[in-house]
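Visitor: Before we look at any single feature, could you show me how to read this model step by step?

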Amino acid sequence: MKVYLDTVGDQFLSSELKILTAFQKSSEKKTKSKAKSVELTTVSIDHWKDQGLKEEFHQLKATKNFKATKDEMLSFTGATGETVWVVGLGNPSKIVPEDIRKSVAKVFKSSKSSKFSEIGFDVSGFNVIQDEALTTKLLMEALYLTDYNFTKYKSKKPDNQETKVILSHIEKKNLTKIQKIIDSTKNICESIHVARDFINEAPNVLNSVEYAKRIEADVKKNLKGVKIKILNKAQIKQEKMGMFLSVNAGSAFEPRLVHLTYVPAKSTSKTKHVALVGKGITFDTGGYCVKPGTSMAGMKNDMGGSATVYGAFRAAVLEKAPVKMTCILAITDNAINEHATVPDAIVTARNGKTVEILNTDAEGRLILGDALDYTCDLKPDYIIDAATLTGACLVALGNQVCAVLGNDQNWINEILQAAKDCDEYMWQLPIIEEWRQDIKSKVADLKNIGTPMRAGTAIGAAFLEEFIKNDVKWAHLDVAGVVDSQSHLPYCSPHGASGLIVRTLTHLLLHAK
Ligand code: BES
Ligand code: MG
Ligand code: ZN
């Protein structure tokens, strides 16, 4: 996608497809009989800059039925044969930023399926929030996020013509600022695409070794100045990561622990250090506690947490985040062979705690526990981990809402605020003392499951909390519901990876105090 900025509107006028908006305007009209008034709804296109287009619109017969309700669209052919789409946005006082993203994503999809390759947007028509910069950001997010498909394995590729997007009627004085916003939105969305590509990749291709290699290649190519260290199995053994190794025991592939470090240009001893940790299970069979076939399909997404934090780290580096960042990705599959860990096994974690593995399908907390302990040794101020940790998260919050839990309310509040700022759904769940007790084992220090069918997401978090030390402020995101199949969001694919939460985390890192 190539983006052009147009201040006067001439590029817009000559574009193959023009997209304008229309609002609903309500007014009161007194009726003759009584003093009662009725509410009248009319369509408003007062904001259109081009008189010619306005006249053409008013002359159309079809406008009589067009009410400019949300998502309603009117199409007509302009005087010079170009196509004009008028997108209804409903009552402007009721429009929230996410409506703009959704509306633009839908209209962009339609334009793609109608094979338009040059689209002009009248940005001012979407600027209901009276902020041209923010409106541009919303528009570009919607366009970039929608402009993604995973067609690598399709023999017949859809003709992926590059779209020319013209953002029109931008105020001249805002040009530099708007260009910056476009560039940064592109960086962030490209990082989301990287995360989506990792998640969508087939698990027989993206094994642990391959995944680490691809991350290394991306870092070397795109993230100048970022240090990368990849721990292999021998080094993970040296680190005494007994839980991580127990998950990898049944695998045909070695585990990998990817360790990335970024230090901002102007760094002092006061610069905050934020660590991101991600669950990278390239495929979750469940291990000996094998998943039934229907729940196993889709478990290539079980590295979604690692892709999410990597995507955010990547975007924040490209956008020169003001904080020190560490990104730790624990990568293996959870597979079964004769060496695989059996239920009842007792292993020793990196922090010395012994853990009774009562369910080999609760593997995410095992690899993350060791990764978190390793991360705490790096003395970050804050940790945030992301993991497709529990099916229970889908029961509690559906597949639309990300769960957040942790040990520091201020840190959780900051994360919740970031999610709100980015219009990504997130909700806090508690960790209570009773659930901490629920993971105490009779024969070891801990067991890796609590009472079946009870507070599964929080039990998972309570387990992770056991591996946080040095008073590090920690929060855990359960992204099990939101990594894929976001059919309610037109800028995500209804089946594949969503790339959600990358925007929230990037925003958090870029605005960290
Ligand atoms: N990767 C799964 C969680 C999951 C389930 C993610 C569905 C996305 C969709 C995780 O490793 C798992 O299997 N968790 C178990 C934990 C249980 C055994 C305590 C679960 O949720 O059933
Ligand atoms: Mg599992
Ligand atoms: Zn899993």
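What follows is a conversation about domains, their contact, salt bridges and a sheet.

Guide: This is a predicted model, in which local features need pLDDT of at least 70 and side-chain atom pairs count only at pLDDT 80 or more, whereas totals for chains, interfaces and linings use all residues. Residues are numbered from 1 along each chain as its sequence is written, chains are lettered from A and ligands numbered from 1 in the order in which they are written, and side-chain values use heavy atoms, with hydrogens and water left out.

Visitor: Into which domains is the chain divided?

Guide: Domain bounds come from an automatic or database domain assignment. Here the chain is split into domain 1 (2-31 + 38-170) and domain 2 (190-510), and their C-alpha centres lie 39 Å apart. Counting contact as heavy atoms within 4.5 Å, 17 residues from domain 1 and 16 residues from domain 2 take part.

Visitor: What area is buried between domain 1 and domain 2?

Guide: The size of an interface is often given as the accessible area lost when the parts come together. With a 1.4 Å probe, and summed over both parts, the area buried between domain 1 and domain 2 is about 1500 Å², of which carbon and sulfur atoms give 55%. In domain 1, the residues that lose the most area to domain 2 are L145, Y148 and F150, together 41% of what that side buries.

Visitor: How many salt bridges are there between domain 1 and domain 2?

Guide: A salt bridge requires a side-chain nitrogen of Lys or Arg within 4 Å of a carboxyl oxygen of Asp or Glu. The count between the two domains is 3, and the side chains of E141 and R503 also meet in a salt bridge, at 3.5 Å, N to O. On the side of domain 1 that touches domain 2, α3 (97-113) and α4 (132-146) each supply at least two residues, helices here being DSSP runs of H or I with at least four residues, and strands runs of E with at least two, numbered from the N terminus. The largest share of that side, 7 residues, comes from α3.

Visitor: In which helix do E98 and R101 lie?

Guide: Both belong to helix α3, 3 residues apart, about one turn of the helix, and their side chains meet in a salt bridge at 2.6 Å, N to O.

Visitor: What is the strand order in the open sheet of 3 strands?

Guide: Strands pair if DSSP finds at least two bridges between them. The order is β12-β13-β17, with mixed pairing; β12 (345-348) and β17 (446-447) stand at the edges, each with a single partner strand, so one side of each has no neighbour in the sheet.

Note on methods
Buried area = accessible area lost by both parts, 1.4 Å probe.
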